[in-house]
Amino acid sequence: MPQKIISLSTRGQGLYEFTAQAADFIDACGFSEGLLTLFVRHTSCSLIVQENADPDVQRDLKGFFARLVPPSDDPSMTWMIHTAEGPDDMPAHVKSALTTVSIGIPVKGGRLALGTWQGIYLFEHRDRPHRREVVMHLSP
């Protein structure tokens, strides 16, 4: 079964769309029906399907998660123990646990069966730039 690993560069916290790379992978495989499974090989970022039309949605999501899980140097987060890798690290793990590291998207007619305004995103939870790997696997 076809499989490919793609590398995505991030510039810090935020959403990074890679719908086009997933669609290109499906085209290259030549399957008309199936299931695309995506898996990110990291514990401080996640994968989500989200609106790709209005950038305010991405800003609001980023803001929501920042309020929900602030950095470990925030006075409300003094209970956190894992702080050696910086104040954004453990909160990034929590955000990743609240979202997901693997998603499945049906393929119909040789295309992703996404809705009109849906895109596939890597959700980076760390402040620093990172290079993230996503495994794409297509099952008939």
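Reader: Is R126 buried or exposed?

Author: In this predicted model, R126 counts as buried at 4% relative accessibility; buried means under 20% relative accessible area, exposed over 50%, and partly exposed in between (1.4 Å probe, protein chains only).

Reader: Which side chain does R126 meet in a salt bridge?

Author: The side chains of R126 and D89 meet at 2.9 Å, N to O. A salt bridge here is a side-chain nitrogen of Lys or Arg within 4 Å of a carboxyl oxygen of Asp or Glu. R126 lies in the loop between β7 and β8 and D89 in helix α3 (residues 89-98), so the pair ties together parts that are 37 residues apart in sequence. Helices (H or I, at least four residues) and strands (E, at least two) are DSSP runs, numbered from the N terminus.

Reader: And D89, buried or exposed?

Author: D89 counts as buried, at 1% relative accessibility.

Reader: What does E124 form with R132?

Author: E124 forms a salt bridge with R132, and their closest N and O atoms are 2.7 Å apart. E124 is buried at 0% relative accessibility, and R132 is buried at 3%. Salt bridges that share partners also join D88, D89 and R126 into one network.

Reader: How many salt bridges does the structure hold?

Author: The structure holds five. One of them joins the side chains of D56 and R59 (2.4 Å, N to O). Both residues lie in helix α2, three residues apart, about one turn of the helix. D56 is partly exposed at 37% relative accessibility, whereas R59 is exposed at 51%.

Reader: Turning to the strands, what is the bridge partner of G14 in β7?

Author: The partner of G14 is E124. Strands β2 and β7 (residues 118-124) pair in the antiparallel sense over four bridges; two strands pair if DSSP finds at least two bridges between them.

Reader: In which order do the three strands of that open sheet run?

Author: The order is β2-β7-β4, with antiparallel pairing. β2 (14-17) and β4 (45-51) stand at the edges with a single partner strand each, so one side of each has no neighbour in the sheet.

Reader: What is the order in the sheet of five strands?

Author: That open sheet runs β1-β8-β3-β5-β6, and its pairing is antiparallel. The edge strands are β1 (3-9) and β6 (111-112).

Reader: What conventions apply?

Author: Residues are numbered from 1 along each chain as its sequence is written, and side-chain values use heavy atoms, leaving out hydrogens and water. In this predicted model, local features need pLDDT of at least 70 and side-chain atom pairs count only at pLDDT 80 or more, while totals for chains, interfaces and linings use all residues.
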